[in-house]
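Subject: Handover of a protein model and the findings on it

Dear colleague,

Please find below the structure that I am handing over to you. I would be grateful if you could read the notes after it with the model open.

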Amino acid sequence: MQTTKPVYSLSLRLLSVGLIALLCACATPRPDPLPVPPAPSKTQQVTIAMLGATGLAGSYILNQALAQGYNVRVLARTPSKLERYAGRIAVVKGDARDSETIAELLRGADVVVSALGPVKADGDGAKMINSSVTADIIRQMPDFGIERYIMVSGAAVLMPGDDRDASGWLMRELVQLRLRSELVDKQAEYEELAQSSVDWTLVRCPLIEPEPFAAAPIVSLTTPPAWSVRAGDLAYFVVEQIESDEYVRKGPMVGSR
């Protein structure tokens, strides 16, 4: 007689991966995301306006950007969380949902990088935060001469051209069952981008592991290529997109070997 235990275990695994994939940008970071991979010389004339720098993905991206030699302006509601970067970054104190704060963040920047996600403690105040903040950023970018916008999102977000395998579809369905409102927000964020004229890249992630860089991630435009991605590998990929036009107005899905 066959047992259903393996199927049950697989379902639990997929559920965990799918849920974390959607909210990948807002997990709590480990104390120190270093080290980062050796970096080639980059121009110090490029300034990044960054959101979500105190989350799991964002903390690794911030370290990678600094290692690459970029100037970084970081939005933070609690600047004390960034004390270790004193003298290395410019901190704009405020809430991403405030348009004046976003304007201050964008002032003097050349590119926007976001790993923003809902904060559980905000309750209903976090609803639709990604799509509303992205809409505001898109609206203000021309005022500051900014054309490039790079975001970390979840692997459950659908885009034209997707050709998901069975596990990719199952991940999507499980997220719809458990985190429908968050997925609606992430999907709406993509729609805001698609209707805009900015040069965006939406980096879609599975489970993000708090591990340093090991190798450039696997990339697919059709289906999640792996069950997880190391935070260091993801950060490397995100920062590389600042100087690349390979995935402009595309949604690459990434994973680690």
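**Basis**

This is a predicted model, in which local features need pLDDT of at least 70 and side-chain atom pairs count only at pLDDT 80 or more, while totals for chains, interfaces and linings use all residues. Residues are numbered from 1 along each chain as its sequence is written, and side-chain values use heavy atoms, with hydrogens and water left out.

**The chain as a whole**

The protein chain has seven helices and ten strands; these are DSSP runs numbered from the N terminus, helices being H or I of at least four residues and strands E of at least two. Of the 257 residues in the protein chain, 53% are buried. Buried means under 20% relative accessible area, exposed over 50%, and partly exposed in between, with a 1.4 Å probe and protein chains only. Among contacts (heavy atoms within 4.5 Å) between residues at least 6 apart in sequence, 74% join residues at least 24 apart.

**Two helix pairs**

Two packed helices are described by the angle between their axes and the distance between the axes. Here the axes are lines fitted to C-alpha atoms, for helices over the stretch in contact, and angles run from 0 to 180 degrees between N-to-C directions.

Helix α2 (residues 56-67) packs against helix α7 (residues 231-240) at an angle of about 55°, and their axes are 8 Å apart. The two helices are therefore oblique to each other; angles under 35 degrees count as roughly parallel, over 145 as roughly antiparallel, 65 to 115 as roughly perpendicular and the rest as oblique. The crossing of α2 past α7 is right-handed. A crossing is right-handed if the near helix is turned clockwise from the far one by less than a right angle, and left-handed if anticlockwise. On the α2 side the contact is made by L56, A57, Y60, I61, Q64 and A65, and on the α7 side by A231, G232, L234, A235, Y236, V238 and V239. These residues divide into eleven nonpolar, two polar and no charged. In this division Ala, Val, Leu, Ile, Met, Phe, Trp, Tyr, Cys and Pro count as nonpolar, Asp, Glu, Lys and Arg as charged, and the others, Gly among them, as polar.

For helix α3 (residues 99-106) and helix α4 (residues 129-140), the packing angle is about 55° and the axes are 10 Å apart. That makes α3 oblique to α4, and α3 passes α4 in a right-handed crossing. S99, I102, A103 and L106 of α3 meet V133, D136, I137, R139 and Q140 of α4. The residues of this contact comprise five nonpolar, two polar and two charged.

**Buried residues**

T223 lies in the loop between β8 (218-220) and β9 (228-230) and is buried, with a relative accessible area of 13%. A polar atom of the T223 side chain lies 3.0 Å from the backbone nitrogen of D165. This is a polar contact, that is, a pair of N or O atoms within 3.5 Å; within protein, one must be able to donate a hydrogen and the other to accept it, and residues adjacent in sequence count only if both atoms are side-chain atoms. Not counting residues up to four places away in sequence, T223 touches D163, R164, D165, G168 and M253.

S196 is placed in the loop between α6 (180-194) and β6 (199-205) and counts as buried at 12% relative accessibility. A polar atom of its side chain lies 2.7 Å from the backbone oxygen of L193, and the side chain of S196 also reaches the backbone nitrogen of V198 at 3.4 Å. Leaving out residues up to four places away in sequence, S196 touches I138 and R249.

A76, in strand β2 (residues 71-76), is buried at 5% relative accessibility. A76 and D95 are 19 residues apart in sequence, and their C-alpha atoms are 7.1 Å apart in space.

**Positive phi**

Most residues other than glycine have a negative phi. M128, which is not a glycine, has a positive phi of about 60°; M128 lies in the loop between β4 (111-114) and α4 and is partly exposed at 33%. R249 likewise has a positive phi, near 60°. R249 is found in the loop between α7 and β10 (253-255) and is partly exposed at 34% relative accessibility.

Yours sincerely
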